[in-house]
Amino acid sequence: MRTTSLTLLAAALALALSACGDRAAVDDAATPTTADVPRESTPDVSPPPYVPADDAPASAVAALAATAGNTTAGELRFAAVDGGVHITGQVTGLEPGTEHGFHVHETGDCSAPDGSSAGGHFNPAGTAHGRVGGAAHHAGDTGNITADGAGVAQVDTRLEGVTLGDDAATDVIGKGVIVHADPDDYTTQPTGNAGARLACGVIGPGA
Ligand code: CU
Ligand code: ZN
């Protein structure tokens, strides 16, 4: 009984080994060796804009309210993307066809009637003022927004070098957002000469 079992086992093993050997020989002939095959293909084009960040929190929002004597308001959404934060939304109550400086400011405090409590441009890296995408700029710098014929600006822009909800020095949650009376010239230090503050908001966690 015992001898028979061992014999059968040995026979089965021999069969299995020979089958493996045959298959390996066929596979070797049919496919290139692993040295010829890259482990992972690497993309040969740059990624599209607004790639979601790996560990992005859901989102953030800001409601813009008019400063004293103004009628500008708005709703903004913020999403973490590769290299920064994507801002979308709408700003209303602007003069038709006008251009306006638009920044994240260092303090999430809109209590002053003129919005001055929001402080200067968010600038955790201590750089010069400029334009997003340019050589040197504040983390809170972005592009001007432009009002349509109805005085409404559609916002679709980004911040570079900032984060969302990670409590790092670059985190924009809890910071301010300002819409200015004049366009940012992207040159004048440290404000871009964008003039008075028409609306102010505070960036808070999204739903
Ligand atoms: Cu500003
Ligand atoms: Zn700036």
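**The metal sites**

Reply: Donors here are N, O and S atoms within 2.8 Å of the metal (3.2 Å for Na, K and Ca); water is not among the atoms, so sites may look incomplete. The model is predicted: local features need pLDDT of at least 70, side-chain atom pairs need pLDDT 80 or more, and totals for chains, interfaces and linings use all residues. Residues count from 1 along each chain as written, chains are lettered from A and ligands numbered from 1 in written order, and side-chain values use heavy atoms, without hydrogens or water.

The ideal tetrahedral angle is 109.5 degrees. His121 and His129 are both buried, meaning under 20% relative accessible area with a 1.4 Å probe, protein chains only.

Now the copper ion (ligand 1). Its protein donors are His103 (ND1), His105 (NE2) and His180 (NE2), at 1.9 to 2.0 Å. Their spacing is H-x1-H-x74-H. His105 sits in strand E5 (residues 102-105) and His180 in strand E8 (residues 176-180), so this pair ties together parts 75 residues apart in sequence. Strands are DSSP runs (E) of at least two residues, numbered from the N terminus. His105 is buried, at 0% relative accessibility. His180 is buried too, at 4%.

Technical notes:
Buried means under 20% relative accessible area, exposed over 50%, partly exposed in between (1.4 Å probe, protein chains only). Helices (H or I, at least four residues) and strands (E, at least two) are DSSP runs, numbered from the N terminus.
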